[in-house]
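Subject: Structure for you to look at

Dear colleague,

Here is the structure I said I would pass on. My notes on it follow below.

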Amino acid sequence: MSFTLCSSSEITYPNVEGLRNAKENRVAYKSFIRAGGYIKKHYVQASYPDARKVLISSHLVPGHLEGSFMEKKWEKEPRKKLEFVRTLLIDNYDSYTYNIYQELSVINGLPPVVVRNDEWTWKDIFHFLYEEGAFDNIVISPGPGSPTCPADIGVCLQLLLECWDIPILGVCLGHQALGYAHGAQIIHASEPIHGRLSEIEHNGCKLFANIPSGRNSGFKVVRYHSLVIDAKSPPKELIPIAWTSSDDTLSFLETQKFDVNPDAYESERQEANFDSILSQLKNESYRSSDHANGTKSRKVVMGIRHATWPHYGVQFHPESVATTYGRRIFKNFREITKDYWLRMSSSFRSDRNIHYTASMQVPHASRLFGTVPTGGQSAKRADVRFSGEACSSRQLMQDADTRSLGFLDMVNILSPNTGAKFLKLKWRKFDHLASEVGGARNIFSELFGKNKAENTFWLDSSSTEKGRARFSFMGGKGGSLWKHLTFKLSEESDVAYKCGGHLLIEDAEGSTTSTFLEEGFFEYLNKELLSLFHEEKDYEGLPFDFYGGFIGYIGYNLKVECGAASSGHKSTTPDACFFFVDNLVVIDHHSNDVYILSLHEGNTTKTWLDDIEQQLVSLKASSTRKSDEQSLQTVTNSPHKAGFQSEKSREQYIRDVEKCLKYIKDGESYELCLTTQIRKCIGKVDPLRLYLHLREKNPAPYAAWLNFSKENLCICSSSPERFLRLDRNGILEAKPIKGTIARGATLEEDEQFKLQLQYSEKDQAENLMIVDLLRNDLGRVCEPGTVHVPRLMEVESYATVHTMVSTIRGKKQSNVSAVDCVRAAFPGGSMTGAPKLRSMELLDSIESCSRGIYSGSIGFFSYNQTFDLNIVIRTVVIHENEASIGAGGAIIALSDPEKEYEEMILKTRAPANAVMEFE
């Protein structure tokens, strides 16, 4: 029996310039032959307008024809809709893929399997799609670059041409790939649009069922793209189904003026006079939707579908927190998939592979297949290839699932006979004592500030306004469990493992051991924490989440253990330094209560608790400041006029911004967080007194003091930004900052600056991009449906700046560890840009020195699997008598190079002035 293709019914759509000249269909001709339940596809060579060629092999695929194709006898057989939908999600190395993962997990009834675009060969994909019947549809993610570049798009083009009989949805890059695979041209957009919204009109096809259309309809979408499908180029088999309604783009808060967004973030609306603010800002360069050449953009194709295949594409991002009706689009694609398979003979679906159904019900599918890996999985991608029959389909699916997350399965918790320690905690509480003995500053100075404060730590909530932070943790060299860890990444020539490095451990007795860690520092830290056992009753009644464990920092270069291709420039400071803390003092700034805690193994005396209690009780509140601090003079000079030397001149920095803008225009990144460093020799300055001065001048909720005396290294941080926190209830929280402006000289000017930041389209776009990135990072380790944004784009005010802050939360999956959560999100997206992996590669090529500790994180990992880490910004790093300060800013398509340089200088001002005033 033979079949012929029937032309699809005519679909009308608005007159978009260029569509009337659409080119003729040039896709490969196919003939179909029914062969015992399969349809054999014979391909001839395809010819495309730009002479690119795709060679497509013949093979057998499950037979199913849509609409008028359908074999009549199928209609007589009983039909049953899919109870759930199994999705293969192709990740184009994007930083928003796991937002799609989260949406599909909820909508489909089980999580998709995530595979990177070069992780499986076409043979692998064919095996699972057609031989195993493991998937019902495919979603192709966004990503950096262009579908015209094989390295950017991987196997996706072949998949789009071969899998004509499986529902596919392409998002952004996936949408462009659908067009390109069938002969459409990919061109630069008239202007790059990243983190901004557009109103959309559509033709009412199934993908947009029950979604309004047109201007003021409430259908607004977030766009992240520099390239588009040329509206003049699609062949006849590609049908445009959606367009921008107008030339204008909107900021997120602008959309909140008019309506509440279905499926998107909802919060209390701003009470400020929105219209007056917009009128003040409309003349700013970043508010204009005109282009540099003075022309207006034309309507842009925002969606396409294949005329006869179940393939769809959308240029915008339905998974963004600010897109309206985004979940509805994914639901509609689910229904398209169900309806599509409903038309098939029920016999074809009766053998749906239950093994693979089960494997996708749990993200860590390895638990379902007998043997559990004995070691933690690295976050690195590993190549997967068939080798005859050596690699079973079961193993390949297992590997894809574990690698798509890259995490240690918590089923594999270390047993007590593998070096485990059983820890006991003793603690005491002193009501309201902090205010009676001079506060946190006096407690630290008196208890731990002597002897140059060597080997001391202080996680210092020096700014507790509006509940931003509550607890401070401090201490010094402790008891028998205390140790100091120093980790340095290996030179690439030393070892084949790019994340390997040397670990030096000093114990409480002063003995040192050196070890080479092939699997890297995060894996070591993970195993150490998993080897610590405790009883929850030990810390019942404590209102905080750190009871002892590791306190220190993670340097930016440890990105190489989190998926980055390279560590970039080698750091002059260690890549990670931590104390294992067994004795500490905690201050509750809300109640002024003081707690002392001591952690030990087995039965020990309470000597430290007794000694520290005696010292606390004997403290007298300091009634006056030291005279030398009273006489410090406020400095208003720029850092460069007071002895700080910059890694790059003003001209060089501006050129670097222009390089970033070029990469963004070409679609290589949506946002690049460009940074640089300033340095100054400071001689024999007392670092602790410098930190005490900094915390007075620029208090911050996530400030920190760390002194690693053996490394001649002190860190004085006044960070206002939380990277990531995991509390005892398993709730993860990130609080990225994107958007900064100086405080005003008067109350009126200060309020004006604050509102200018609040309603800046550029700053909102920056913030939205990073919020979506952090949602993605949390989505890798959180339970489906739990990642949410309780606060979006709120302005917080500090001593020298206003900042725009958002909060993202989610419920951690029970089968991932604390270190897994950090590894999924490090480095913080606010310091990299998006997509993260590609952006870090580009930044390594632009920046001239290592970021070192700057852009990394400072904080704690508690022995009970909680943690709280900041982002290292507004920080002075003192190493071998040199002070260094890192600063930078997010470069997006709306950036002005001159203003970006000024913002970078602004961010150095508070820590640099503290150094200059103190000297």
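Please keep in mind that this is a predicted model.

Cores

The largest nonpolar core contains 108 residues, and Phe521, Phe861 and Phe867 have the most contacts inside it. Helix α21 supplies the largest share of this core, with eight residues. If neighbours within four places in sequence are left aside, Phe521 is in contact with Leu485, Phe487, Leu503, Leu558, Glu561, Ala576 and Phe578. Another core, of 44 residues, lies apart from that one and includes Phe135, Leu160, Ile229 and Ala231.

Covered helices

Helix α3 (residues 122-131) has eight of its 10 residues buried, so it is largely enclosed by the rest of the structure. The buried residues in α3 are Trp122, Asp124, Ile125, Phe126, His127, Phe128, Leu129 and Tyr130. Just after α3, Gly133 takes a positive phi of about 60 degrees.

Helix α14 (residues 439-448) is also mostly covered, with eight of its 10 residues buried. In α14 these are Gly439, Ala440, Arg441, Asn442, Ile443, Phe444, Leu447 and Phe448.

All six residues of β22 (residues 583-588) are buried, so the strand is largely enclosed by the rest of the structure. In a regular strand, side chains alternate between the two faces of the sheet. In β22, Asn583, Val585 and Ile587 point one way, while Leu584, Val586 and Asp588 point the other way, and all are buried.

β22 pairs with two strands that I looked at. With β15 (residues 471-475) the pairing is antiparallel, over four bridges. With β23 (residues 593-601) the pairing is again antiparallel, over six bridges.

Charged residues

Side chains of opposite charge can pair when their charged atoms come close. A search of the whole structure finds 47 salt bridges. A few of them are described here.

Glu733 and Arg809 form a salt bridge through their side chains, at 2.7 Å from N to O. This pair links distant parts of the chain, with Glu733 in strand β29 (residues 731-735) and Arg809 in strand β32 (residues 801-811), 76 residues apart. Glu733 is buried, as its relative accessible area is 9%, whereas Arg809 is partly exposed, at 24%.

Lys735 and Glu796 also meet in a salt bridge, at 3.7 Å from N to O. Here too the pair links distant parts of the chain: Lys735 is in β29 and Glu796 is in strand β31 (residues 788-797), 61 residues apart. Both Lys735 and Glu796 are buried.

The salt bridge between Glu766 and Lys762 has its closest N and O atoms 2.2 Å apart. Both residues lie in helix α21 (residues 761-779), four residues apart, which is about one turn of the helix. An α-helix has 3.6 residues a turn, so residues three or four places apart point the same way. Glu766 has a relative accessibility of 1% and therefore counts as buried. Lys762, at 8%, counts as buried as well.

Lys424, Glu535, Lys537 and Asp538 are linked in a network of salt bridges.

What does a buried charged residue without a salt bridge have as its nearest side chain of opposite charge? For Asp230, which is buried and has no salt bridge, that side chain is Lys232, 5.9 Å away. Asp230 sits in the loop between β9 (220-229) and β10 (238-244). Not counting residues up to four places away in sequence, Asp230 touches Gln185 and Ile187.

Those are my notes on this model.

Regards

Note on methods. Residues numbered from 1 in each chain as written. Predicted model: local features only at pLDDT ≥ 70, side-chain atom pairs only at ≥ 80, totals over all residues. Heavy atoms only, no water. Buried < 20%, exposed > 50% of the residue type's maximum accessible area, 1.4 Å probe, protein only. Lys, Arg positive; Asp, Glu negative; His and termini not counted. Salt bridge = Lys/Arg side-chain N within 4 Å of Asp/Glu carboxyl O. Contact = heavy atoms within 4.5 Å. Pairing = 2+ DSSP bridges. Core = buried A, V, L, I, M, F, W, Y, C linked by side-chain atoms within 4.5 Å.
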